[in-house]
Amino acid sequence: METPGLVVHGQSAPFSSALRSLVNNPLYSDVRFVVGQERKEVFAHRCLLACRCNFFQRLLGAESGPGVPSPVVLSTVPAEAFLAVLEFLYTNSAKLHRHSVLEVLTAAVEYGLEELRELCLEFVMKMLDVELVCEALQVAVTFGLGPLQERCVAFIEVHSQETLRTRGFLELSAPALLLLLRSDKLCVDEAELVLATRSWARVGAVEQIVEAWKCHALRRGDAARGAPCRRRRGTVVREHHRFLDLPFK
């Protein structure tokens, strides 16, 4: 009776290095992408992408036939982030940077790469600071990343004054801003919070703030029917209804 075979393993480093050399390498490439607003040309290998990622399997699979466009245009993902995704698909590792990790995280979520998503989340939580936290919160709210959302809110509660002065705060969406306004742990004077949200509105989010305060007003209606409503945030809501000439009940 033949004895079972034994699986043996070669060194992983040379294997990983060889695959990394194929990232964005036109050698033997059979698919070409044009990515980001900069329209950077990126070369890849169809079979590797398809076997590593269901998103690319659907995009590049044989069932699509000859109609698959060449090049494949992916305009919403920046080139640097896309190359990080390719590096992960080729080598199961990626070099992350503070300035681009949220874009890599976004791509990982959109492409269904759960392992890369978790690696990005771990990296972001370690690197979280005043300049990064609002951008991270926005990504967390957009994609429903609960643990990151909670971590960002907790960070902002401790560093409220510094965070309110960042560009990232001014670029928050209405749902993300409302999430912060619901907190009773912000370490900031109420008047300063009003000024900060006024600045947020002037940056170009007037329509967003209208929707945010409408939602908040509905929440206050729920409070009037028996749910607790905290006076401090209600004062801020009334101030913004006056600022926007909206009826407040």
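Which residue in S2 is the bridge partner of Val 34? The partner is Glu 41.

Residues are numbered from 1 along each chain as its sequence is written, and side-chain values use heavy atoms, with hydrogens and water left out.

## The chain as a whole

The chain has 13 helices and three strands. Helices (H or I, at least four residues) and strands (E, at least two) are DSSP runs, numbered from the N terminus. Of the 249 residues in the chain, 43% are buried. Buried means under 20% relative accessible area, exposed means over 50%, and partly exposed lies in between (1.4 Å probe, protein chains only). The chain exposes about 14000 Å², and carbon and sulfur atoms supply 55% of that area. Accessible areas come from the Shrake-Rupley method with a 1.4 Å probe; for residues, only the protein chains shown count as cover.

A contact means heavy atoms within 4.5 Å. Among contacts between residues at least 6 apart in sequence, 62% join residues at least 24 apart.

The mean pLDDT of the chain is 84, and 78% of its residues reach 70 or more. Over residues 225–249 the pLDDT is below 50, and this stretch has 50 contacts in the model beyond near neighbours in sequence. The pLDDT is the predictor's confidence in each residue, from 0 to 100. Where pLDDT is low, the predicted coordinates should not be read in detail.

## The strands

Two strands pair if DSSP finds at least two bridges between them. S1 and S2 pair in the antiparallel sense over five bridges, whereas S1 and S3 pair in the parallel sense over three bridges. Val 34 has a partner in S3 too, namely Val 73. Four of the five residues of S1 are buried, so this strand is largely enclosed by the rest of the structure.

S1 and S2 form a hairpin with four residues between them, and Gly 36 in the turn has a positive phi of about 75 degrees. Arg 39 is in the loop between S1 and strand S2 (40–44). Its phi is near 55 degrees, a positive value in a residue other than glycine. Asn 24, in the loop between helix H1 (12–20) and strand S1 (31–35), has a positive phi of about 55 degrees although it is not a glycine. Most residues other than glycine have a negative phi.

Leu 74 lies in strand S3 (residues 72–74). Leaving aside neighbours within four places in sequence, Leu 74 is in contact with Phe 33, Val 34, Val 35, Gly 36, Phe 56, Phe 82 and Tyr 111. Leu 74 and Phe 33 are 41 residues apart in sequence, yet their C-alpha atoms are 7.0 Å apart in space.

## Helix H6

Helix H6 (residues 114–127) has 14 residues and reaches 20 Å from its first C-alpha to its last, close to the 20 Å expected at 1.5 Å a residue. The expected span is 1.5 Å times one less than the number of residues. The buried residues of H6 are Leu 116, Cys 120, Leu 121, Val 124 and Met 125. They cover an arc of only 165 degrees around the axis, which puts them on the same side of H6. The arc is that of the directions from the helix axis to the C-beta atoms. What covers these buried residues includes helix H4 (79–91), helix H5 (101–110), helix H7 (130–143) and helix H8 (146–158).

Arg 20 is found in helix H1. Beyond its neighbours within four places in sequence, Arg 20 is in contact with Glu 87, Thr 91 and Ser 93.

The table lists relative accessible areas.

| Residue | Relative accessible area | Class |
|---|---|---|
| Leu 74 | 12% | buried |
| Asn 24 | 25% | partly exposed |
| Arg 20 | 33% | partly exposed |
| Glu 103 | 34% | partly exposed |
| Arg 39 | 54% | exposed |

Notes
Predicted model: local features only at pLDDT ≥ 70, side-chain atom pairs only at ≥ 80, totals over all residues.
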